[in-house]
Amino acid sequence: MIHVEGVTVVYPDGTRALSGVELQVDRGEFVFIVGASGSGKSTLLQLIYRELVPTEGRVIIAGQDVASLPRGRVPMLRRNVGVVFQDFRLLPDKNVWENVAFALDVVGASRREKFRKVPLALELVGLSEKEASLPSELSGGEQQRVSIARALVNNPAILLADEPTGNLDPDISWEIVQLLTNIADRGTTVLCATHDRVIVDGMRKRVVSLVGGTVVRDARGGGGYDEP
Amino acid sequence: MNLSMVEFLLQQAWQSIRRNGLMSLATSSNMTVALIILSSFFLVTVNLEHMADVEAHKASIRVELEDDADRAQVESRLFGDRRVASIEFKSKEEAFEDRVRRWADVLEEGDPETLAVLLGGNPLPDAIIVKPENPQDMPAIAKAAENIDGVAKVSYSQQVTDKLLTLARGIKVSGLVAAVLMGMATLLIVSTTIRLTIYARRREIRIMQLVGATNWFIRLPFILEGAFHGVMGGALATVLVLASYTYAHAYVQQHLEFLALIYDPTFTVLLGLGTLLCGVLFGVAGSWIGLRSYLRHV
């Protein structure tokens, strides 16, 4: 599904964010990308939703080299790659239903499609009861669930989560990651960048460790934050 | 593009306009002022050109004949010129009567016979009044007429036409300069408003980009917002300009009837539509400038 081949990213100021990264992720796989701040986790995810293009190497998604995509095709890629952030990025003046429907509005979905897909996405994240609430009326965990529902409502093949539990309590964090693994079980490829040791150790999923922009470990069979 | 997409775009544009209420008002007002200046200069210029045209068509060449001239021959030579529209003979007697009638107020002796005696005869010559097809040909026709046997003197007056045309040209140039300056100021203001809107909605735009909205879909609400300011400014400017022009036309007809202003329904409708269209173009161009210079940084 995702092939990262010899990727190096050097920012315009000369900072080397990634160096010769190799990574293969299969359809429906759940992968933790772990490492300290500045290790290149977010950069790796940005390459996949084509916020960045590699300085060297290739990123291939479903057989397509994303760097060679014309600008006009990037939105089509993004409809197939959902992204979730630490700060949720919800629209404060729209309620839960509208925030999720927003992702359908901007791709020109019909009213009928919205009324079919939004309830399904909200049910998946367990927020059907709160569809009329504003983000300010929700807890952090609930807000992150809304943001996951929004990322999933277009049925993307890939879901990227960049520190999804960074702003959440440990219990809530556990629930969110559990939700992400459930999503992977349904066939969506999930990459979750985190530095939450407890969660990674508890899940025993595949772990890719980055240090200074280099992959130092790929525990394919499942592992903890530090050990295979 | 389906119906819900159009609804969403219009909703987005309207939200922006409402959220930036004061700025929107300022932008539309500025557009109104710019368009009033533009259409006023346009009105003055086309009317001056129209007056010059009317004057030019009134103008004629006066060909004075020698006492022993063969009138028929001069007339046929003049009429043979393709540039001549019509000729009219005016005998010395008619000319004298005209002159006397015109001077009747100042002259104590209004009777032509008495005056002729006083002047020692009628001093005026026979003349042929020539109307050209095209006023621009007057100098050439006059020159040709001078060479005809029996012609004593040729005269024509093009001064009024020339002056009006020079004035129209001057106003057209200064109007163009003013229009360009006002146009630039309007574009600057519209693009600044759009930039502020983009800034206010940067979070939303970022999310739109992330969930796969096309660039056109992100841009359209801002373009619509610019067009809205154009329509509002254009509509207000049209109403104000047409009302003032109607008033000016009525005044001129009553008090300065020698001035010929253009005024018919087609002209006023075209003027209104033109002003609206200019407004929309300004609005869309302003948005486009704002988007180009800002959206890529969001």
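Start with the largest nonpolar core, which has 102 residues. A core here is a set of buried Ala, Val, Leu, Ile, Met, Phe, Trp, Tyr and Cys residues joined through C-beta atoms within 7 Å, and buried means 20 or more other C-beta atoms within 10 Å of the residue's own, with C-beta atoms placed from the backbone. Select Ile33(A), Ile48(A), Val100(A), Ala149(A) and Leu160(A), the residues with the most contacts inside that core. Then colour helix α9 (residues 215–255) of chain B, the top contributor with 11 residues; helices are DSSP runs of H or I, at least four residues, and strands are runs of E, at least two, numbered from the N terminus.

A word on the model: it's predicted, so local features need pLDDT of at least 70 and side-chain atom pairs 80 or more, while totals for chains, interfaces and linings use all residues. Residues count from 1 along each chain as its sequence is written, and chains are lettered from A and ligands numbered from 1 in the order written.

Next, zoom in on Leu160(A): its contacts (C-beta atoms within 7 Å, placed from the backbone) include Leu45(A), Tyr49(A), Val81(A) and Leu191(A), leaving aside residues up to four places away in sequence.

Now hop to chain B and pick Ile61(B), Ala127(B), Val130(B) and Ile141(B), which belong to a second, separate core of 13 residues. Ile61(B) and Val130(B) are also bridge partners. Show the open antiparallel sheet, ordered β2-β3-β1-β4 in chain B; strands pair if DSSP finds at least two bridges between them. Its edges are β2 (84–90) and β4 (151–156) of chain B.

Last stop, the chain contact: select 16 residues from chain A and 14 residues from chain B.

Key: Contact = placed C-beta atoms within 7 Å. Buried ≥ 20, exposed ≤ 12 C-beta atoms within 10 Å, placed from the backbone.
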